[in-house]
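Here are a few friendly notes to read with the model open beside you. Take them in order, and find each residue as you go.

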Amino acid sequence: VTSTFDKKYLEIGFGMGEHFIHQVKHNPLSLYIGAEVFMNGVANVLKNLGSANGNFLIWPDDVDLILAQIPSSSLDGIYVLFPDPWHKRRYLKKRLLNDTRLASLKDKLKDGGFISFASDIEDYFLYVKQLFIENGNFIIQDKDYSIPHEDYVETKYHKKAIKEGRVPQFITATYQKKGS
């Protein structure tokens, strides 16, 4: 990850890219890495950004394949907004945020970096909140989970959740290395 940018962020599963595009356009001194497996979302981001300010990279594949390439303690923040909830019990291990992936993401965060997570699925949200609490390295910022992180842009999935009567919830947890 190039060091010519003030800050570096990763957005995992950016969907159609509404949030990602906004961040790239409004923060030209920061680098945004977007990981998305669905080509419609990748195409939408590329169509809307063109070359922008040269402050973004797209990874059109499984995020686990790029995580190993991101240096430890290099990211200022990670966004995981409305990931697939994998409702059925037998698929719960496929959820994007779990113990294993949280450990991997934690390694990539700088001390004081954050993970912002959003979901409209109550049990998934509570599970991720508990992951942050049990980990011991994360401090949950705002206890009002109806308020998104600063500079948030409503996504297609956020709008769909509201239309279908589900309540989007947001949590931002700041990483603190033990002993900091």
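1. Start with the largest nonpolar core of this predicted model. It holds 32 residues, and the members that touch the most others are Leu10, Ile78 and Phe132. Helix H5 gives the largest share of this core, 5 residues.

2. Now pick out Leu10. Beyond its neighbours within four places in sequence, Leu10 is in contact with Ile33, Val63, Leu67, Ile70, Leu75, Gly77, Ile78 and Tyr79. Ile78 in that list is another of the residues that touch the most other core members. Apart from this core lies another one, of 17 residues, including Tyr9, Val42, Leu81 and Phe170.

3. Which residues of H5 are buried? They are Tyr124, Phe125, Val128, Leu131 and Phe132. Looking down the axis of H5, you will find these buried residues within an arc of 120°, so they line one face of the helix.

4. After H5 comes Gly136, which has a positive phi, near 90°.

5. Turn now to the aromatic rings, where the count comes to 13 pairs. In one of them, Phe20 and Phe56 have ring centres 6.4 Å apart and planes at 85°; because that angle is over 60 degrees, the pair is edge-to-face. Phe20 belongs to helix H1 (residues 18-26) and Phe56 to strand E3 (residues 56-59), so the pair ties together parts 36 residues apart in sequence. Both Phe20 and Phe56 are buried.

6. Another edge-to-face pair is that of Tyr79 and Phe114, at 5.5 Å centre to centre with 70° between the planes. Tyr79 sits in strand E4 (residues 75-81) and Phe114 in strand E5, and the pair links these distant parts of the chain, 35 residues apart. Tyr79 and Phe114 are both buried.

7. Finally, see how these rings come together: Phe20, Phe56, Tyr79 and Phe114 belong to one aromatic cluster that also includes Tyr9, Phe14 and Tyr32.

Notes:
Residues numbered from 1 in each chain as written. Predicted model: local features only at pLDDT ≥ 70, side-chain atom pairs only at ≥ 80, totals over all residues. Heavy atoms only, no water. Buried < 20%, exposed > 50% of the residue type's maximum accessible area, 1.4 Å probe, protein only. Helix = DSSP H or I, 4+ residues; strand = E, 2+ residues; numbered from the N terminus. Arc of directions from axis to C-beta. Core = buried A, V, L, I, M, F, W, Y, C linked by side-chain atoms within 4.5 Å. Contact = heavy atoms within 4.5 Å. Phe/Tyr/Trp six-rings, centres within 6.5 Å; stacked < 30°, edge-to-face > 60°.
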